[in-house]
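Keep the structure open while you read.

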Amino acid sequence: MAEIVLNVEVREQTGTGGARATRRSGMVPGVLYGGAKDPVAIAVKSNEFRKALYTGKLLGHLVTLKYGQETQPVIAKAIDMHPVTDEPWHFDLYRVDEHQQIKIDVTVHFTNEDASPGLKRGGTLGVTLHAVTVSCHADSIPEEIVVDLTGLEIGDSVRVSDLKLPAKVEAAIDGDLVVASVSAPKTGLEEETAEAAEGEGEA
């Protein structure tokens, strides 16, 4: 089962005013939706929510929602942060069965840049997809998708079909989509042309 447990309360007040009142009481407002049930306005204590968020295993992962003695596996689908204070401002939880097949975005991380001949010769890594949509059971969501750059030359690219995904995890997007590519370094002439174009645009 999930490592993170969110103790929630049901909010009686909804709308903008209700959300403000919830925050004033030291809680983060949210909504539980999905499944065959109606959406429910909920809230979690701010300190508990921050603690869960900063583990890095809240957003996009299977967690346990607890209301009194009842528990429910859920996935945090969206978390809004305050633009100034960067505090959690609102969240959405989605009801799931832990063995339910779902589609979800998983972050892509790159390793072994120093083992790529193309990058060692001054090439640049252009990342097209920072996350890839996969299909898997709710209790088998990968922490990340790792792309090994070992051996990549200038002009090489990594496509979705090249990704090494865990067992029972499949890509849910076109396999021909480029995740990242190694481009040739700019020559001095190309850099001067780019700088000149930028200068004309500022004039």
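Tyr33 is partly exposed, with a relative accessible area of 26%. Here buried means under 20%, exposed over 50% and partly exposed in between (1.4 Å probe, protein chains only).

A quick note on the ground rules: this is a predicted model, where local features need pLDDT of at least 70, side-chain atom pairs count only at pLDDT 80 or more, and totals for chains, interfaces and linings use all residues. Residues are numbered from 1 along each chain as its sequence is written, and side-chain values use heavy atoms, leaving out hydrogens and water.

## Rings that meet

Rings of Phe, Tyr and Trp (its six-membered ring) pair if their centres lie within 6.5 Å; planes under 30 degrees apart are stacked, over 60 edge-to-face, the rest tilted. That rule gives two aromatic pairs. Tyr33 sits in strand E2 (residues 27–33) and Tyr94 in strand E6 (residues 88–95), 61 residues apart. Strands (E, at least two residues) are DSSP runs, numbered from the N terminus.

Tyr94 is also partly exposed, at 26%.

## Charges over rings

A charge sits over a ring if NZ of Lys or CZ of Arg is within 6 Å of the ring centre and within 35 degrees of the ring normal. Lys77 does this with Tyr94, at 5.5 Å from the ring centre. Over at Trp89, the charged end of Arg23 is 3.9 Å from the ring's centre.

## A three-stranded sheet

There's also an open, antiparallel sheet with the order E8-E13-E11. Strands pair if DSSP finds at least two bridges between them; E8 and E13 (residues 178–183) have four.
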